[in-house]
Number of protein chains: 2
Amino acid sequence: MAKQHPASPEARSAGATIYSVADHAGVSIATVSRVLQGATVVAEATRQKVLTAVEELGYVPTGAARSLAVRHHEAHGLVLPELSGPYYAELLMGFEARAAELAQSVVLVLTNSRTDMAAAVRQLATRVDAIAVFGSAAIPADLVRLLRAKKPVVVIAGEPQDGIEAVAAENLESARELAGHVLDHGRRRALFVGDPDSGPDIRNRYDGYLAAHRDRGLDAAEPVLARLSEADGTAFAQRLLAGEHEADALMCANDELALSIMTTLQDAGRDVPGDIAIVGWDDVMTARYVRPGLTTVRQPVHELGALAADRLHELVGGEPPRTYAQMLPTRLVVRTSCGCLPVT
Amino acid sequence: MAKQHPASPEARSAGATIYSVADHAGVSIATVSRVLQGATVVAEATRQKVLTAVEELGYVPTGAARSLAVRHHEAHGLVLPELSGPYYAELLMGFEARAAELAQSVVLVLTNSRTDMAAAVRQLATRVDAIAVFGSAAIPADLVRLLRAKKPVVVIAGEPQDGIEAVAAENLESARELAGHVLDHGRRRALFVGDPDSGPDIRNRYDGYLAAHRDRGLDAAEPVLARLSEADGTAFAQRLLAGEHEADALMCANDELALSIMTTLQDAGRDVPGDIAIVGWDDVMTARYVRPGLTTVRQPVHELGALAADRLHELVGGEPPRTYAQMLPTRLVVRTSCGCLPVT
DNA sequence: CAAGACTATGTAAGCGCTTACATTACTCAG
DNA sequence: CTGAGTAATGTAAGCGCTTACATAGTCTTG
């Protein structure tokens, strides 16, 4: 007769535990555990007895107890600035789907709405085995470094630094191709709208714009600084309409900028692409609904999220961090805002 | 001299524990715990000694141990079908922000990519104190009922049933107002495009369309069944162009449907709203970029997510489930696709 | 100075699950 | 029938943290 344990039914009043299941099924707690973990050394009749007891008692195991015993949380953390715009949503979908395949829970932290980002990240670290962090200026590099000293970390859309691994979509070559496409339409006063200092991705898009100019022996302009928001796009368009900038093409750091600029110019009577070609980045849904359709670059965002989850899992399993960023290819999506004719 | 405990440094080789921090600071583990939990009965000098030890050892507490000791996971679960489209992303942002304010982690499950939804939900239940589930036909009512027997549950955009609490945005009255607006433009062959059996929200939008007709002594048509996707919108538009349907207005179950229909018709030379008015639901970003701007209804999605997180917290705290659905107001957004003139 | 009250800290038990090693049960071969 | 090998199950220790109650230290009052 087994010695009475504190968590057995008599010592507890709410919710079934492994002790009450064992008691109900007439087996030991080890057998209950083996059944629930899918061990093959349990007789079929015994297994059925346990599963029946689980069903009848409505037993929900306490995941925390398991995590403590196996010394793994079996969860990945994901830190994003926010979820506005389809990029982050797609990234999260890819991440969550792959984490699920790897039997890891996903614990999410969105930093833009947090008053104490460091505390949020610190708290997250107590509950997960590894953390993926979006590589953006909104999340300080110091915080990422501090985190890396405590948990395996993968930076998404960032650059490797100080033993911190990174995964990203390729930006520079597709930006070079996109800007080249615009220049090959004969445009000679193309402006880059966006802030290269806001993150590695925008930096690489600007570098691609520069490279396309160099390729053709052309001089490139300084970037027109703007955040990746509708408001900054509208403000820029209004300055363009007021004559503060001159351009026959705009290469915008992302689609949201491009779309707000384009619509503002059109509403003021400007012809796109007749007066000015406009291209973006990300191939958001709206890009294909507006007229003319926006020429842009599609990133494999879903796959990027999945790759990040993969790498976290491998780091937790003991692999050393890779010293180079893993790059996924991007793809030019040519519509009509660049000056190409509609396909009829 | 305290008795040696197994998790102390000598018994463990990786990662600091509360025992190594206590040893390093020269205090008991209770004192370390008190400091980290912010207890006020600790002397300032002692508190500093502990914080210094924590810093020097890079101590990351194991959240699972705390959860087990306090018998709460301090986490909310959220089950959504997916994250495509801004509705879900906005909902999740509201949920996560409020959960953070309530000191709860968020564990996310997206069911569309899962091969065994029941197992995913069961696994989630082992790791959270309560779960919010999106009320959609994609997540079976049986599963929600089963879950409710084990954990506090709130259904988002659903109806209360069997002691399961629900939170939703109001649909029927705004749909009545929207359809009424279209009918007051003189339209007499308005079609509803969407599937009322796909969930309570679409049902209520159709009911509002019916009510608006009744209000004016008009007969309403049967709904044209379509899923909330671009593909179904395009297919419907093509059937309309081929003459299988006749209408002078379309009330679409959501913006994605409305947008794909509208763009397909326009590309085929139809005039919106001249030949046919089109209205949607959700006020997605694209709604304001297309021309004419889409008339639609805005839902307080962010607030809905926050409310769900609030209610989970209250249920965990012992409040009984509410027997009525909590409704948040929606708001008509009139642009020009309905036939209203642009504001100049 | 002694007693009582208050503050600060420590000891020990326990939360619920996992699993190494021990024990029991069953089967097969000689 | 007996012994060896294998399958099935049980016992006990432990994962890392929290906290009730016990103990020690300090201060104030009579």
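Into which domains is chain A divided? Chain A falls into domain 1 (9-61), domain 2 (74-169 + 301-328) and domain 3 (172-298), with bounds that come from an automatic or database domain assignment. Between domain 1 of chain A and domain 2 of chain A, the C-alpha centres are 36 Å apart.

Before I go on, please keep in mind that this is a predicted model, in which local features need pLDDT of at least 70 and side-chain atom pairs count only at pLDDT 80 or more, while totals for chains, interfaces and linings use all residues. Residues are numbered from 1 along each chain as its sequence is written, and chains are lettered from A and ligands numbered from 1 in the order in which they are written.

As for confidence, pLDDT (the predictor's confidence in each residue, from 0 to 100) has a mean of 91 in chain A, where 96% of the residues reach 70 or more. Over residues 8-13 of chain A, however, pLDDT stays under 50. Where pLDDT is low, the predicted coordinates should not be read in detail. The model's scores are ipTM 0.88 and pTM 0.89.

Let me turn to how the chains meet: 38 residues of chain B are in contact with 39 residues of chain A, a contact being two residues whose C-beta atoms, placed from the backbone, lie within 7 Å. On the side of chain B that touches chain A, the largest share, 6 residues, comes from α5(B), where helices are DSSP runs (H or I, at least four residues) and strands likewise (E, at least two), numbered from the N terminus.
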